[in-house]
Amino acid sequence: LLGATVLLCLVDVLHAFAIEEKGDVFKRRACPAFLMFDNAAYLADMTFELPCNCKPEDVSSVVWYFQKNMGSHETTVLTDFAGTMVRMFSLIVFRAQVTDSGHYLCGTKRGDFFYGYDVDVQPTKHITVAFMDRGQHVQDDFTAKPFSLFTTFWDWSRCDRCGVRGEQRRIGLCYVRSAQLHPRYRATLPNVTSCGSRAVPTRFQHPIRLRRPEVAIRSCLTPCPKEKVPEEGVQAISNVIAKLGEKPWLPRVPTQFHKQPLGTDLVIACPGARPEHAVAWDKGSVRLYRSRYLVGVNKSMRVFIDHGNHLHIQRVWVGDGGTYFCWREGEMVAGFRLSVFYQHRRRRTLRDPETIYAIKVIGMSYVIVTIIFIIIHVCRCCWR
């Protein structure tokens with residue numbers, strides 16, 4: 001009990017220290033007299049955090065607002081007016097979509113704005129993929145008279161498997177360089193912003209939409225970290241007995257059991273994984289490499305991995321049953337035991353809700369058709 005009390009006190013002290021440090025940041029950084037928007041670009045399905053980098057010292061809580069376009073009268077309040085849904089004055093957006101692109105404003109309940117972001121969520125649909133092992137290359141830069149387009153790549157991800165051949169991904173987002181960008185928007189480099197930014201003039205947006213974000217994939221090989229061996233005499237007898245009943249050919253990871261009806265669609269997510277993580281899938285001892293199973297590689301794909309690292313199985317059949325293993329950041333973290341069963345069709349009776357609804361719809365249809373038929377003939381008789 002004493003240890004727990006000391007730990008809780010230590011957590012409170014660290015939390016207070018973090019708030020004090022945040023307050024010092026606000027003292028050192030004054031809010032601009034004219035509201036500016038910082039450009040930030042992400043890929044769809046990613047989770048991102050927007051910190052409120054400045055505020056007056058007398059403001060103890062902030063409210064976040066969302067506007068689709070500058071000057072729009074439709075403004076959405078994203079947090080409660082007490083600021084209790086904001087952690088350290090920052091806003092967290094989970095699994096953002098293209099529709100979440102727009103202006104994010106940090107302010108007060110009265111509508112005073114301190115800081116703003118121009119968020120560009122770029123789509124994963126029709127994303128350009130380059131497999132480096134096949135000799136494929138990323139997109140070349142496009143240069144026109146008023147602007148130029150290029151791709152800014154993130155660092156290579158970690159190898160998604162260890163001990164065996166794995167794969168690495170490198171995500172690239174679309175950016176534009178032009179001297180005619182809106183001056184109210186700020187970016188890391190001058191005259192450079194993401195392709196979906198509101199700083200891009202309207203006349204440039206049509207040709208810019210033709211360029212998509214891209215991802216590069218290459219093979220990799222990394223060793224697995226060595227497991228710590230317990231010291232002599234430390235390992236309990238119960239652990240030795242438990243290991244005698246293990247199956248050495250199955251990985252020791254938490255396994256979930258699931259039954260799926262035949263002919264239905266199934267989507268499996270890796271626990272704790274995000275789109276920017278290095279994630280891999282195996283079916284038993286078969287490696288499901290992206291070079292073969294990434295969505296879009298083959299138009300007739302029934303089993304594929306999307307750009308959000310989810311495994312899709314469409315129109316499940318009996319052969320899809322088995323154990324699927326998930327790797328996250330080079331470590332196998334979970335198993336998914338899938339069994340497929342045939343769903344027997346039952347005969348419906350007149351008392352079933354679906355049958356009653358169908359009878360009502362059919363009956364109403366006949367009544368409407370009869371009324372229309374009578375009205376038409378009455379009109380014809382009157383006309384004659």
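1. Leu 262 is partly exposed, with a relative accessible area of 37%. In this predicted model, Leu 262 sits in the loop that runs between β15 (255-261) and β16. Together with Trp 317, Val 318 and Tyr 342, Leu 262 makes a nonpolar surface patch of about 460 Å².

2. The next points concern the cysteines. The disulfide count for the model is 5. Among them are the links Cys 159 to Cys 220, Cys 162 to Cys 224 and Cys 270 to Cys 326, which are taken in turn below.

3. In the disulfide of Cys 159 and Cys 220 the sulfur atoms are 2.0 Å apart. The torsion about this S-S bond is about 90°, so the link between Cys 159 and Cys 220 is right-handed. Cys 159 has a relative accessible area of 9% and is buried. Cys 220 is buried as well, at 12%.

4. A second disulfide joins Cys 162 to Cys 224, with a sulfur separation of 2.1 Å. The S-S torsion of Cys 162 and Cys 224 is about 90°, so this disulfide is right-handed. Here too the pair connects distant parts of the chain, 62 residues apart: Cys 162 is in the loop between β10 and β11, and Cys 224 is in the loop between β14 and α3 (237-244). The two ends can be described separately for burial. Cys 162 is buried, with a relative accessible area of 11%, whereas Cys 224 is partly exposed, with a value of 38%.

5. The disulfide of Cys 270 and Cys 326 has its sulfur atoms 1.6 Å apart. The torsion about the S-S bond is -90°, and the link of Cys 270 and Cys 326 is left-handed. Cys 270 lies in the loop between β16 (266-268) and β17 (279-283), while Cys 326 lies in strand β21 (residues 322-328); the two are 56 residues apart and in distant parts of the chain. Cys 270 is buried, with a relative accessible area of 6%. Cys 326 is also buried, with a relative accessibility of 1%.

6. Two further cysteines call for a comment on bonding. For Cys 381 the closest cysteine sulfur is that of Cys 382, 6.9 Å away and too far for a bond; the cut-off for a disulfide is 2.5 Å. For Cys 382 the closest cysteine sulfur is in Cys 379, and at 6.5 Å that sulfur is also too far for a bond. Both side chains are open to the surface by the area criterion: Cys 381 is exposed, with a relative accessible area of 58%, and Cys 382 is exposed at 64%.

7. The UniProt record, an unreviewed entry, carries the annotation "transmembrane region" for residues 357-379. In the model, residues 357-379 are 100% helix and 0% strand. The C-alpha atoms at the ends of this segment are 33 Å apart.

8. Strand β8 (residues 128-131) is joined to β14 by 4 bridges, and the two run parallel. Within this pairing, Thr 128 has Glu 214 of β14 as its bridge partner. Strand β11 is joined to β14 by 8 bridges and runs antiparallel to β14. Gly 166 is bridged to Cys 220 in β14; Cys 220 is also the disulfide partner of Cys 159.

9. Two residues other than glycine have a positive phi. Asn 309 has a phi of about 75° although it is not a glycine. Asn 309 belongs to the loop between β19 (303-305) and β20 (311-313), and with a relative accessibility of 2% Asn 309 counts as buried. For Glu 329, phi is near 55°, again a positive value in a residue that is not glycine. Glu 329 is in the loop between β21 and β22 (331-341). At 22% relative accessibility, Glu 329 counts as partly exposed.

Notes
Residues numbered from 1 in each chain as written. Predicted model: local features only at pLDDT ≥ 70, side-chain atom pairs only at ≥ 80, totals over all residues. Heavy atoms only, no water. Buried < 20%, exposed > 50% of the residue type's maximum accessible area, 1.4 Å probe, protein only. UniProt positions renumbered as here; feature names shortened; annotations may be inferred. Pairing = 2+ DSSP bridges. Patch = residues over 30% accessible without salt bridge, like charges linked within 9 Å, V, L, I, M, F, W, Y side chains within 5 Å. Areas by Shrake-Rupley, 256 points an atom, 1.4 Å probe, with all protein chains shown as cover. Salt bridge = Lys/Arg side-chain N within 4 Å of Asp/Glu carboxyl O.
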